[in-house]
Amino acid sequence: MARTRAAWIGVIALILLSAVAAATAAAHSAREMTARLESQAASDQAFERQPDRHPHRVVHSGTYVHRPVSPLAAFEPGVDPFTGTTLFLEGHRQNSATFGAMRESSGLIRFGQLTPAFVLQALAPLLLIFLGFSTVTRERETGALRQLWLHGARPTQVLGGKAIALGGVALVALAPAMIALTIAGASAPAEATSAGLIALAYFTYLAIWVLIVVAVSALSRSSRGALIALVAVWSVAVVLVPRGAAAFAARAEQTPIRVETDLLLAQEARQIGDSHNPDDPFFAAFRARTLAQYGVDRVEDLPVNYRGLVSAEGEALTSGLFTRYAERTAERQREQSRWMQFASVLSPALAVRQSSMAGAATDLENHVRFLEQAEAFRFDLIQRLNRLHADEVRAEDDAGRSRDAGAELRTRVTADNWAHMPDFRFRPATPQERVTAMAPGLAVLFGWLLAALGLVALSARRLQEDAQ
């Protein structure tokens, strides 16, 4: 290979491509991280700087929360380009995450972003195939293989030497991506374990390809046959299985579209009860329980504002409904992800991608974690505002504020209350949780490695038979 110009060109091209991918991905990730942090700070500041207002107006004015960028997302963006990164939180509604890169960019992003992970998953195996498909067949075609047997070389020695040479190319191809991964991990010491396991996953992945290339070259009778077989294996493992598995998972576990979900939510919300209808059975019972709790006979005699209590109760009901639908959708998405894990048995590319996404905290679980924490924060924020409504706004002023300017002014609580509201702080998966999430993918990769070693052993036996 060192004497072949095409080999040098291929290796240098992949190194440059990997370096460019690492640099551009790191720059994009840094910009995204800065932009989201600044947007979150601006959202928090805008919420805290609101003037004196009625608490229920603040419930509807809402606020934004932004999902932070994982330190390892520059290496493996995972599902982040396809999921939203920003949520608008308001009362009585649970909105979808928006501003995903997939929605804001052209459809070309579906073919894969130029990231270190994509280069290693898709392009590095191709380089190994084109450099190694004739490592053994060329020796057979030129007659050099017979001379090796005559000089006492054993098949395991020949195949081992070929694997070591091709493995050296794989290590060179790994270098720029591993440097980028090391830098990303060093920026956050807590990421060191995840970064190390991701490196192990890709080292194992390329070792699998090295062994497959050498074994197929040994089993093939011609270089052309070896090349065709290896390109077919690459096409199936890197392209067809991942795309086909994704399509199958989407059909096997279909998730409802947003419009359908909204209609179902509205229908169930009407069945729960209407807080604006005094004759509604549920809220009539709630009124009776509230009066009994405070020991009074009329809503006007309550020591708190009944409207605030109704808002809090209504929010609790609708929030429970939102949570059930969100959990149902998340479970279907998890089922789709499980189908992808099953398909990784047919494709090491899927297995390494599952592992690197879990390690980089850019997998589905991280997105679902963000949605769940944002919803918990939304519910807590709205209930705090409803509590202000009940405790700080007099019922008489609240009832007459639409026709009495003075009453309307008295229903406004001071702006100091907004500054005392908590800020959203996303809690990502811990390093231990990420290690656990990476385990299935790593197990499949090690299984593939053993299978590849078995294939090399089979090819060595065939070579031994030929030598005899």
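1. Two strands are said to pair if DSSP finds at least two bridges between them, and helices (H or I, at least four residues) and strands (E, at least two) are DSSP runs numbered from the N terminus. In this predicted model, β1 is joined to strand β2 (residues 86-90) by four bridges, and the two run antiparallel.

2. The open sheet holds three strands in the order β1-β2-β3, with antiparallel pairing; its edge strands, β1 (63-66) and β3 (93-94), each pair on one side only. Valine 65 has leucine 87 of β2 opposite.

3. Helix α14 (residues 364-392) packs on this sheet and touches β1, β2 and β3, and its direction makes about 25° with that of β2. Contact means heavy atoms within 4.5 Å, while axes are lines fitted to C-alpha atoms, for helices over the stretch in contact, with angles from 0 to 180 degrees between N-to-C directions.

4. A nonpolar core is a set of buried Ala, Val, Leu, Ile, Met, Phe, Trp, Tyr and Cys residues joined through side-chain atoms within 4.5 Å, where buried means under 20% relative accessible area (1.4 Å probe, protein chains only). The largest such core has 65 residues, of which Phe75, Leu120 and Tyr202 touch the most other members; its largest share, 17 residues, comes from α8.

5. Beyond its neighbours within four places in sequence, tyrosine 202 is in contact with Phe75, Glu76, Ala117, Leu120, Gln121, Leu174, Met178, Val352 and Ser356. Another core, of 20 residues, lies apart from the largest one and includes Val65, Ala374, Phe377 and Leu388.

6. Local features need pLDDT of at least 70 and side-chain atom pairs count only at pLDDT 80 or more, whereas totals for chains, interfaces and linings use all residues. Residues are numbered from 1 along each chain as its sequence is written, and side-chain values use heavy atoms, with hydrogens and water left out.

Note on methods
Buried < 20%, exposed > 50% of the residue type's maximum accessible area, 1.4 Å probe, protein only.
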